[in-house]
Amino acid sequence: MEVATMDGQTKPVRNRDSSYLPAGGEKQIFASAWRQGLPILLKGPTGCGKTRFVQTMAAELGRPLYTVACHEDLTASDLVGRYLLKGGETVWEDGPMTRAVREGAICYLDEVVEARADTTVVIHPLADHRRELNIERLGVKLVAPPEFMLVMSYNPGYQSVLKDLKPSTRQRMVSIELQFPSAEIEQRILLQETGIDADTARRLVQLGQAIRKLQHEGLPEAASTRTLISTALLIKDGVPAMAAAEAALTGPLTDDPAASRHLLEMMKIYMA
Amino acid sequence: MTARKTLLNTQAVHTAVPSEYLFLASAIAGRRVSVHLSTGKDVRASADGQTIVLPDPRLNGGRWVWESVAAQAALIGADSLEAPIMRRLVGRGQSALRYVYLEVVRGAVLLADRMPSAFLALPEIRNAKARTRSADESLEWALGSRALPETPDYFGTVRPLGVLRRSVSENGWSALTKKQASGDFAQAKVPTLDDDDEGEESRLLKLLQNPLSRKNPVGDLLSKLLGAGMSKGRQQQDVEDAGGAEIPVGRIERALRRGVQSSAAAAPMDLPALEASAASQAVAYPEWDVHARQYRQNWAILEEVEAWRPDGARDMSAVLVAPPFELKRQLGSLGLDHEMHRRQPEGAEFDLSRLLECAIDRATGHAQGALDIYRSSRRTRRDLAVALALDISGSTGEKNTAGISVFDQQLQVGYQIGRTLDQLGDTVAIYGFHSWGRHLVRAVQLKTAEERWSARVGERFAQLEPVGYTRTGTAIRYGTRLLTQSMRLPNRLLILVSDGIAYDQDYESSYAQGDARKALEEARASGTAVVCLCVGGSQDAVALRAIFGSANLLMIDAAHQLSVNIRPVCRQALAAVSQRKLRRPAGAPYAG
Ligand SMILES: Nc1ncnc2c1ncn2[C@@H]1O[C@H](COP(=O)(O)OP(=O)(O)OP(=O)(O)O)[C@@H](O)[C@H]1O
Ligand SMILES: [Mg+2]
């Protein structure tokens with residue numbers, strides 16, 4: 001794809017299909033769980049690469065991927081499917097979960113802790129040895145083919161304990177915990193994802209790793225790999241490093257004026 | 001009385017803080033540290049594990065500032081300031097500087113992933129050989145005589161006494177205070193005890209070689225301070241020799257507190273590079289002068305710090321035990337609010353999406369007489385924010401007859417309440433508080449409101465030690481401010497866990513009580529309920545009632561009695577302010 005940039009020249013947009021760089025044995029565990037028909041629970045802070053990891057694995061295993069972004073009001077029918085009223089007729093429409101089961105795909109429930117308890121009930125029989133999906137409204141039970149896999153992610157740092165997964169759901173899962181990558185890997189990710197120069201990548205990573213050590217009021221979230229990538233993309237596109245970091249790295253982190261000011265001062269030293 | 005003031009006021013402290021380096025310092029150190037300016041003549045930066053003290057910029061032209069911050073933060077981040085090492089460096093100025101050289105270089109390599117590139121590119125760092133791989137190795141090198149490059153000024157230095165000062169307990173201080181007050185101390189004429197002494201021949205070392213009397217509180221204090229650094233033989237001698245050297249108390253006090261008392265800024269300055277205004281890390285609170293019947297504005301300076309003891313974490317397995325289930329039952333019904341429930345069998349309005357589903361079910365022949373088609377509001381939502389303030393002053397370090405300290409019982413109670421409320425879904429912040437006069441009130445962060453409960457909370461508890469004094473009013477104002485300005489939930493509860501003795505420099509008896517009472521009034525006026533919890537039984541019940549009123553006071557003999565009475569006290573306090581809230585909008589009446 002080609003896009004026009006501000007100066008009127010055209011540049012190729014970055015390669016969004018580049019793949020996930022592993023930090024340890026997570027790819028092997030994923031592939032093995034898939035072969036053994038076990039569901040996966042992915043843990044890790046937001047922006048640490050969970051989605052990218054699942055995408056890469058789906059591609060490597062040659063399976064289609066259905067992703068559902070979960071939220072508090074997600075109902076069982078959002079997952080399984082529902083009858084719609086169309087011009088006075090009622091028509092059944094498969095939900096993403098049903099489609100994934102039918103196609104032997106990988107079904108990825110993103111941020112599953114946000115889901116309501118009654119939707120997790122649907123998940124249970126799919127996640128345990130039965131591997132079946134109960135579609136009450138149609139009066140059918142679908143048995144998932146061997147290629148089907150359920151993957152759920154959640155961000156441990158953020159929800160209240162009350163909303164936690166039921167232990168019975170949890171025990172059925174193989175758990176993979178992703179962290180923010182080490183400095184060395186994160187630098188390689190930046191190079192791979194954005195193509196900026198090594199020195200800038202190194203500075204950005206040092207800044208990111210430093211911010212992750214901060215525990216101050218007004219800084220609820222850490223600077224994620226995602227924000228480092230956005231910053232690098234802006235720099236690559238011609239935005240001066242300092243402005244890019246302010247816009248894409250420190251800006252999104254906090255609204256607290258004191259914290260922003262302190263971050264800015266810190267950033268100057270790292271990017272100078 | 002005046003004598004005591006002299007003792008504690010030897011150096012004035014100001015609040016101006018080079019706040020732009022706050023995050024840099026904390027990020028490299030890997031824990032929260034603050035940055036202060038020295039009022040003294042130091043030309044090198046130093047740190048005590050919680051605070052980095054920069055030289056007065058007028059002395060060195062304000063150059064090399066962030067580099068010094070980075071170097072000192074690296075010392076903290078690389079664990080270079082551990083007590084056993086500091087003890088061996090006391091009085092050895094040259095070795096200390098050599099140690100700094102080796103440790104800053106080691107720290108820069110160790111922490112390279114999060115150090116600024118610009119620091120790593122400094123010639124003294126870039127061209128340095130990595131000679132040592134641990135702090136112990138650096139110490140051996142430093143004490144030896146092998147040649148090393150000169151330690152650049154901007155690396156700063158270490159002040160072993162400044163670091164060790166933190167292990168002096170309240171008892172040490174009050175003994176000193178009493179002696180000073182009774183005029184027992186000879187002032188001056190005796191050698192200086194100060195980190196500034198240079199060389200192996202320092203007067204400090206000589207002083208240590210002189211027997212110090214056990215009866216002399218300073219001797220006591222020194223042996224506590226130097227711990228393993230003093231040989232058995234020497235301590236033996238102490239006991240025998242009752243007439244040991246007297247040390248001028250002002251001097252020792254200054255040395256011990258370096259990094260704290262001397263860590264002041266030199267006034268709200270005419271130096272644009274180092275701004276002195278409202279740094280978010282230190283906030284000035286007012287105090288009520290009951291005698292003059294007016295506020296003293298910007299009086300008590302409170303700073304948020306991270307828990308840290310120079311001797312490392314304690315084993316807390318006997319203290320931080322899981323809360324009893326009964327506590328959860330008791331606290332479960334606090335602070336509930338109305339919440340809309342869908343799919344209810346009865347209620348004030350229809351649940352439209354449910355009705356729609358029913359219509360579809362009907363059309364597809366799945367119809368069953370659905371009853372759950374209403375929305376109703378019920379009192380189930382937890383809208384409670386709780387701030388737990390734990391008194392960690394030296395007086396809580398005293399042990400009861402069973403050998404358990406009030407301090408540990410308070411930590412246990414605080415931990416259990418915090419854990420329980422967090423499990424119930426409430427927003428909980430926990431901090432410890434202590435002070436050394438109005439310029440140095442500290443709120444030690446144990447759990448922030450945003451943070452979810454984790455093992456880290458317990459790790460921070462293990463880094464607490466009972467030192468300093470109690471400025472109750474400031475602790476209450478800080479908690480109120482957290483609840484009203486950061487946590488902002490409709491139901492707010494401040495639980496103060498204290499031995500009840502409000503006592504600090506220039507903060508005692510009627511003045512202290514008057515101010516604490518005033519702080520409570522302010523809290524209630526802003527819609528915050530305050531409860532005081534005393535564990536250990538030995539408190540002055542009359543004084544406590546005078547401050548808190550018997551209704552908001554819970555006194556228990558031991559931590560395990562907590563569950564019995566906590567609910568009625570908290571409920572009553574919450575109910576009292578929720579009535580007020582109707583009359584008066586929330587908002588803190590104080591500056592800050
Ligand atoms: N190990 C990695 N290899 C390649 N890219 C990575 C890696 N880790 C993170 N990224 C990049 O970081 C960005 C954020 O990753 P991703 O969207 O997968 O995060 P996430 O964990 O799913 O976040 P959220 O919890 O917010 O959904 C993406 O651009 C991704 O390419
Ligand atoms: Mg994602």
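Helices here are DSSP runs of H or I at least four residues long, and strands are E runs of at least two, numbered from the N terminus. One of them, helix α9 (residues 135–143) of chain B, holds B:Ser138. Keep in mind that this is a predicted model, where local features need pLDDT of at least 70, side-chain atom pairs count only at pLDDT 80 or more, and totals for chains, interfaces and linings use all residues. Residues are numbered from 1 along each chain as its sequence is written, chains are lettered from A and ligands numbered from 1 in the order in which they are written, and side-chain values use heavy atoms, leaving out hydrogens and water.

- B:Ser138 counts as buried because its relative accessibility is 0% (buried means under 20% relative accessible area, exposed over 50%, partly exposed in between, with a 1.4 Å probe and protein chains only).
- Setting aside residues up to four places away in sequence, B:Ser138 touches B:Tyr99, B:Leu102, B:Glu103, B:Arg106 and B:Thr132 (contact means heavy atoms within 4.5 Å).
- Take B:Tyr99: 39 residues separate B:Tyr99 from B:Ser138 in sequence, yet their C-alpha atoms are 6.0 Å apart.
- Over in helix α21 (residues 509–525) of chain B you'll find B:Asp515, which is buried because its relative accessibility is 0%.
- The side chains of B:Asp515 and B:Arg477 make a polar contact at 2.8 Å (a pair of N or O atoms within 3.5 Å; within protein, one must be able to donate a hydrogen and the other to accept it, and residues adjacent in sequence count only if both atoms are side-chain atoms).
- Beyond its neighbours within four places in sequence, B:Asp515 has contacts that include B:Glu287, B:Trp288 and B:Tyr507.

**Cysteines**
- Searching the whole structure turns up 0 disulfides over all chains (a disulfide is a pair of cysteine sulfur atoms within 2.5 Å).
- A:Cys70 is in no disulfide, and the nearest cysteine sulfur, from A:Cys107, is 8.6 Å away.
- B:Cys532 isn't in one either, with the nearest cysteine sulfur, from B:Cys534, 4.1 Å away.
- A:Cys70 is buried at 10% relative accessible area, and B:Cys532 is buried at 0%.

**Nonpolar cores**
- The largest nonpolar core has 87 residues, and those touching the most other members include A:Met266, B:Ile52 and B:Phe119 (a core is a set of buried Ala, Val, Leu, Ile, Met, Phe, Trp, Tyr and Cys residues joined through side-chain atoms within 4.5 Å).
- Helix α4 (residues 65–77) of chain B gives this core its largest share, 9 residues.
- Another core lies apart from it, with 46 residues, among them B:Ala307 and B:Val535.
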